[in-house]
Amino acid sequence: MNKKVKVFFLVLLIAVFSLAGCSSNQEVKQEPTKNQGAHGKKDGVVTMAIISTWDTLNIYNTSGNYGNAVADQLFERLVYRDHDGKILPRLAQNWEMAADHKSMTFNLANNVLWHDGEKLTAEDIVFTSQAMTSPKVDNYYRSAFNVLAGTNGDGVAQDPKSVGAEAVDNDTVRFTFKEPKDPDTILNAFLSFLFVLPKHILDTGDYASINKSDFWKAPIGAGPFKYVKDTAGESLELEAFTDYYQGSPDFKTLVVRVVPAANLTAGLMNGDIDLVAMGSIPLSDWKTVKNADGIEAVSVEDYSYQYMTFNLSKENDSFQDVKVRTAFDKAINKKLLVDKLMLGEGSVAVGPMPTYHPYYNDKLKANKYNPKEAKKLLEEAGFDFNKEYLMIVPKGNQVREQSALLIQQDLAAIGVKTKIETYDFATLLSMLKDGKFDLGLLGGGSNIDPGESSVILKPGDSRNYSLLTDSKWYDLAAKGASLTNLDDRKKAYDEYQQALVEDQPYIWLYHQNSLWAHSKRLSNVPMNDFVWFNFASWKWKVSK
Amino acid sequence: MALNAQNLLEVKDLKKYYTIKSGMRDKNKRVVKAVDGVDISIRKGEILGLVGESGCGKSTLGRSILRLIEPTSGSIIYKGSDILSFKKKDVRMMRKDLQIIFQDPGASLNPRMTIGEIIGAPLEIFGLAKGKEKEDRILELLQLVGLNGDYVNRFPHEFSGGQKQRIAIARALAVNPKIIICDEPVSALDVSVQAQVLNLMKELKQKLDLTYLFISHDLSVVHHLCDRVAVMYLGKIVEIADKDQLYRNPSHPYTKALLSAIPNPDPESKSQRIILEGDVPNPADPPSGCTFHKRCAYRLEKCSSEAPCLKRLEKSHFVSCHLYDNESKQVEDNNSNL
Amino acid sequence: MDEYLLEVRGLKTHFLGNKGEIAAVDGVDFAVKKGETLCIVGESGCGKSVTSMSILKLLPPEGKIVEGNIFFKGNDLVKMSESNMTAIRGNEISMIFQEPMTSLNPVYTVGKQIGEAIRLHQHLDKKQTREKVIEMLKLVGIPAPEKRVDEYPHELSGGMRQRVMIAMALSCNPELLIADEPTTALDVTIQAQILELLKEIKNRLNTSIIMITHDLGVVAEVADYVLVMYAGEVVEYCDVKTLYKKPLHPYTQGLLNSLPKIEETKEMLNIIEGTVPSLYDMPSGCKFWPRCPYAQDVCKKERPKLYEKDNHKVKCFLYRDFEKGEINYGA
Amino acid sequence: MNNNRKKSMFINFIKRFCKNKLAVAGFIVLVLISLLVIILPPFLTYSESEIDPLAFSSPPSSTHLLGGDDVGRDVFSRLVYGGRVSLFVGLLSTFISVLIGIPLGIIAAFYRGIFESIIMRLSDVFLSFPSIILILFLVSIFGPSIITVTVVIGVLGWPLFARLIFGTVLSIREKDYIEGAVAIGETVRSIIFKYILPNAIAPILIQITFRIAAAIVLESSLSFLGMGVQPPAASWGNMLYNAQSITILTDKPWMWLPPGIALLVTILSINFVGNGLRDALDPKTKIS
Amino acid sequence: MKRYISRRILVSIPTFFGITILVFLVSSLASGSPLELLLSNQNISEAEIKRQSIKLGLDQPLYIQYFKWMGNMLTGNLGESYRTMQPVMDMIINGLGATFLLAITAVILACLISLPFGIQSARYQNKAWDNISSVFSFFATSTPSFFLGLVFLYFFSVKLKILPIGGMNDIGQENNVLSLLKHLIMPAIILSFQMVGTLIQFIRSSMLEVMKEDYVRTARAKGLKERVVIIKHVLRNSLIPVVTYLGMEIPLLLGGAVVTEQVFSWPGLGLLMIKSIAARDYPVVLGITVLVAVAVLVFNIITDLIYGLLDPRIRYD
């Protein structure tokens, strides 16, 4: 019996070690050659860091922005966009909006190949549109498709044939819309998320098979890089697609690696990381990074915004009076937030759109920081100074958590007592929904569409965090979205912004810059465009 | 069966079986018959010795009488009623009459209580004395067992083994018991101290009119102290007789071997010794028939199949052995004088 | 000197206890000849075990020999290096202990444990060792030794384990066997078996034995010479018959008298009053005087010497005239 | 008279405890720390969440003894308030563990049978499970806060005490003096309170000390992981939470060294005291 | 033996189900559905979130959800992560490998460090060596691992720059064992540190206990050299409780490495747990919890078996 036991343990031991071995990979491919120190580099390898996992390679099922960083390497989009919102051609060489604004035609580059060598045609785009509007397919971003004819408000099309996408010829695709649309809306809101999928692989005749397909484990796209292998949630290895129609990337391997924000700086400095793509370098490390040799650090103006929400539900009458909300806006020293917490790497917000937004209303009459006036306003409104107001803050964004403290101090200066509580996002959301709060700090902003912020102003929507009942502000934004004339649209959105300042359904606090950096090994990296997940990695140059 | 007038306490067919479930390791539950049908009676004013080797069940028997261990079956008649049928409350009251002294005096006293508290505890429990009366009684008891009254406030660890045993005796005496069960009270003590305690016990017995059940493995001590002796082997009484009869005329082969095995403190006397073969069998797996037969030099054929029962050999000399099947006088009330 | 196998002279072993240093063995002299059995007898704490451990220098870390000599075949063990000691232990002098239940390592088979000493001292190979082990088991009367050799101690009864211990001790044909209370933990019938075995072995192998015991019955049974110890000192030392016939020291007398005996019936036992004094708190003068019925003034002040007559040594002022030839038997 | 004896036993215990110099040092440090966190707060210039706009990440100075953190809060104040939280969580959670564990352990040991099976099997499950995983899980469910953290750590600590008291009671139950107590007619109640508990108190006390240390470490680990005491409240763990940035680690040691050292010193002191207690109370493990 | 193992497994089954039910119930008490987290991405529409939640069966009664989950689990399918959409099983196996590597290294390290310390301090009780190792073990047990981790990071990564700051591999060096070792060394040391402290004390007291045993005296009386006595007789017997302790400790390490993994971004189960908790990724959280429970049950059995190997008094049949 003893012998058996010993054998058993031996086997167990071997199993244990082989298991441990598996995780660190089985074969040692090549010994590190030459003078590779601790952080030695292989030529032709560029490491791109993101701070959170891309979750899935299925771009239509990814929950966050980090998936986009990967998707942009693997898949092609029709157009892409620079930092200022200017649309640049990519798969589509040029495009034309029909006169009735009900259809738009795109001419494709004609030498585009999939990673498996097949040719990419307009049929692929049509297939993608039809598949992603099919109710049989999971697509978180389906609502972007709701501009197309044949879809309902959520972007679902019961009959794929009816979807407004057609291949005019191999290199031409035409989208038709339910109602007249402005080209900006189409290019910004819709095409941002249209990653083209290969029909020749995914079209099995049954859309339901798309989600389950093994395709997503090692997707074949038409982007600058090919999938090689990945460790779920940790790292992803991509290889340059030498037949890429815009020209092969300058280096052989791109590694996308999940690195906690706290480790970004160290990684950059010791050469583990070549490029910080998604997620900011911690502010506390910013100085270090900026001053480091061999690192190109860029503070990129971001289009996201931070705001404070009020509980405006019927049960809570503390903030119903616009004077109170205005007073709060005047009481908060937003400049201090930007200067102290963000070390100046950001800007004070007036509305959801920053001053560099194409639709920014430069005639906005914003409230000025003035605690004295604020206090007077509160007194006029008969504000209850005895009550302690609960301010809830989601966990995770350090600047936001810290801003709560400064805001608390500012409010205390005008006699408003607040209590800060920090919760994880899920708990916070349910508190918001149930109205178990007085004030809250949140953030938003994810595309350049000027009406993007209206979602938090729509009564009945679960993102209506201030629990608004008045649809006034939402209607203003909706009006803007329906117009096809640029000037009309601009005017409508000016009005929208002015209304937000006057009524303060939310207090717009600040826009925080994204702090990104890359090794000086790399050049020609359009870091500014990264805000829109446009990486243009085929243009990066690596110095030898 | 009527209680014999002489008998203060009668144990009838007492059995204590343990099941050992050695947990995960054992699939069969095994039964250990620690005490397997013992009939014994203690007469008023006598010292009954109970001898046997370790594991023979003598301590279990002693503790069962006090219901410190719950016996499996049988009866223990004391003052006309069966102790085993007592409810909890009655058991406590019974303990006023029946007391016990343990082998290891070091372990039988609560290390966190002073001597006064230890001796005073039974007084309080039975409401025998309070306040000054109690203090006096404690002093009296201490003097009775030959200890200095100044010791009341000391803790047990400050005493030697012999003194601790005296304290234990004082505690047992506090309730004025009728019977004291002495479970190897001197075997942990040195020779010189053992003699002191033995003398004390004898003295107290006379002074306080006590009855002892004296459990021991030391046949010399038993010889010195006891009036009657019962020999136990593997849960059964194999022989019981008056002291003189037993030591002069041991009848059971086991008793004979036991007696001959005692080293004699006299280098000149070279008595022939009976050396038993082998060890005491595992109580969980005893031999069939007479449990002694495998070690017995006189074994008969039937010993391996048939278990003998106690038979009277002479007046108040009983033995459980097939050797005496024919000699033994058939007596009707076999048990009454055990 | 050469006639003695072992000679202990003025041995003093001290222990570092909680409350300071104590003299566990306070000047002990004795000697053992080839083939002779010496019993050291005394009550617990008298230093008899420490004496035996001192011989093999197996004292716990807090104990040390501070004075005296232990000559074994002419060599002083006290001065001997540890590595030379290991060559003697288990080989020329071996030992058996009181608790057969705990004296064997539970995780090794008995064969392995016996074989360990054999392989160490006799440099036998595996197979030879095993044969020798089985032979030893046979010698000590263990039935089916071929089977037992592969069993673990817990599978054996107490008596069997003590036999294993004896087998282990005898495995290298030692000249001296020290048995420290070898039968105390055993039942009477098993004790008889073991004593019988020891006697047989002594006769067969002519091994000298030092037996430590508190049981005067056992002493009478096996001893040639007896050393009575009290509080770390020798109080009486003579051959066994003399001791039982004519005990001289009041302590020895008291000890013998306090034993209940089957041959005689008396109402009360004779006792020695009081208890053994604490080693921390020894009386001045003779250590026994507080319990001694014959204590005189001189006993309280001076320590008696070991007085000797006719090879009968006793440490008591009652016999200080021994040397002058006058014998004054106490009582 | 009796009290005198007990008093002298106590003095004896103190003497033995005092022999262990590390334990005495630990005790003194603990007393100082406790006094500091209890008495000091009202006298502090800055409260734990008060922001001094001039003290953003400022190094130690005369106004801010240990400097300011990255929002300009006084590190020293936060250290003191954080100490309050850490000690509070440690003590209260241990108290909860004792309150649940001791009765359950006694019930299991005294009534055996089904009680023993259920209670001990349950404690096996609890003990063999990595408590940090369980605590993280529970805290995430019930929402992190001082109270949840305390309660969860406290509740999860019960098996330690149940096990300990179970073992102790069982071994004491085997002692002859319990049988002696039964023989003189003591009731179950007085056997528990007069005979068992006084003899079991030493190991419990020792366990309590070590558990307090462990609970403090657990709390600070949780806070360090961001799942414990939530900002703006301070705790030593969540002060260290921010030190996971390289710059703070390298350039602003005043922000992470003080809470770390405070934690280390506190835990070390408690462990020293626990060890001293063990030496003084439990003669078995006493050496020399 | 076989019977023993199968019975132990049988006994473990109700415990296992008990744990799953408990964990599942407790997780249902959480406020907020995990999918609501998607609301933070403003590009995802509410309608799609609802569709997804129906697809995942989150609208169904709890017991149905439990049975579905349980049924899947029995076929080895722990569901898919809400956060990463990966099969939970794959994620756990990935993390388990990393954690196991870390844990085993730490255990081996702890043994290597603590054995000589423990043995020597038991042999030279109350001598200088003993005092040093006792103070060392106190520091080891008292230093919170995250603090020590930060200090190590500060010295070895930031100041001396000789060890990497975190992760399991250098980028592009996934197959380089040397690089793996470099990454492994700090977390393994930190993780082993607390164990070292406990182990030293454990080995020391266990050895002191054994050294008092009669059979050690027997061994000495046989003439064995002190070294042989210590190794063959004292150590062998002292290891029995030590192995039991380790057997208890290893499964605890599987989850207990949370803090260390966080400090060094070691991609193990602990880190996965933290991330999943933050994301309300219940399939993963439940999966890890259940897996750790199974590991604990399995290790208990293994420990028992090792115990039996070391101590022949224990028999399984």
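Predicted model: local features only at pLDDT ≥ 70, side-chain atom pairs only at ≥ 80, totals over all residues.
**Entry 1: A:Trp540**

I started with A:Trp540 and listed what it touches, skipping its neighbours within four places in sequence. The list holds A:Val46 and A:Met48, then A:Asp250, A:Phe251 and A:Leu254, and also A:Leu275.

**Entry 2: the cores**

Next I looked up where A:Trp540 belongs, and it turned up in the largest nonpolar core, which has 181 residues. Which members touch the most others there? I found A:Trp540 together with A:Leu78, A:Phe175, A:Leu191, A:Met308 and A:Phe328. There is also a second, separate core of 150 residues, and I jotted down D:Ile206, D:Leu281, E:Leu180 and E:Ala295 as some of those included in it.

**Entry 3: chain D**

Taken along the principal axes, the C-alpha atoms of chain D fill a box of roughly 75 × 45 × 35 Å. How much of chain D is buried? Of its 288 residues, 58% count as buried. I then took the contacts in chain D between residues at least 6 apart in sequence, and 70% of these join residues at least 24 apart.

**Entry 4: chain B against chain C**

Then I moved to the interface of chain B and chain C. On the chain B side 42 residues are in contact, and they meet 43 residues of chain C. The area buried between the two chains is about 3600 Å², and carbon and sulfur atoms give 58% of that. Three residues, B:Val191, B:Pro265 and B:Pro267, supply 16% of what chain B buries against chain C, more than any other three.

For polar links, I counted 13 residue pairs in polar contact across this interface, with both residues at pLDDT 80 or more. How many salt bridges does the rule find here? It finds one. I looked up a salt bridge between the side chains of B:Lys202 and C:Glu267, at 4.0 Å from N to O.

Which helices of chain B each supply at least two residues to the side that touches chain C? I noted H6 (191-208), H7 (219-225), H8 (243-248) and H9 (253-261). H6(B) gives the most, with 11 residues. By class, I have 17 nonpolar, 13 polar and 12 charged residues on that side of chain B.

How values were computed: Residues numbered from 1 in each chain as written. Chains lettered and ligands numbered in written order. Heavy atoms only, no water. Contact = heavy atoms within 4.5 Å. Buried area = accessible area lost by both parts, 1.4 Å probe. Polar contact = N/O pair within 3.5 Å; in protein donor to acceptor, adjacent residues only side chain to side chain. Helix = DSSP H or I, 4+ residues; strand = E, 2+ residues; numbered from the N terminus. Nonpolar A, V, L, I, M, F, W, Y, C, P; charged D, E, K, R; others polar. Core = buried A, V, L, I, M, F, W, Y, C linked by side-chain atoms within 4.5 Å. Buried < 20%, exposed > 50% of the residue type's maximum accessible area, 1.4 Å probe, protein only.
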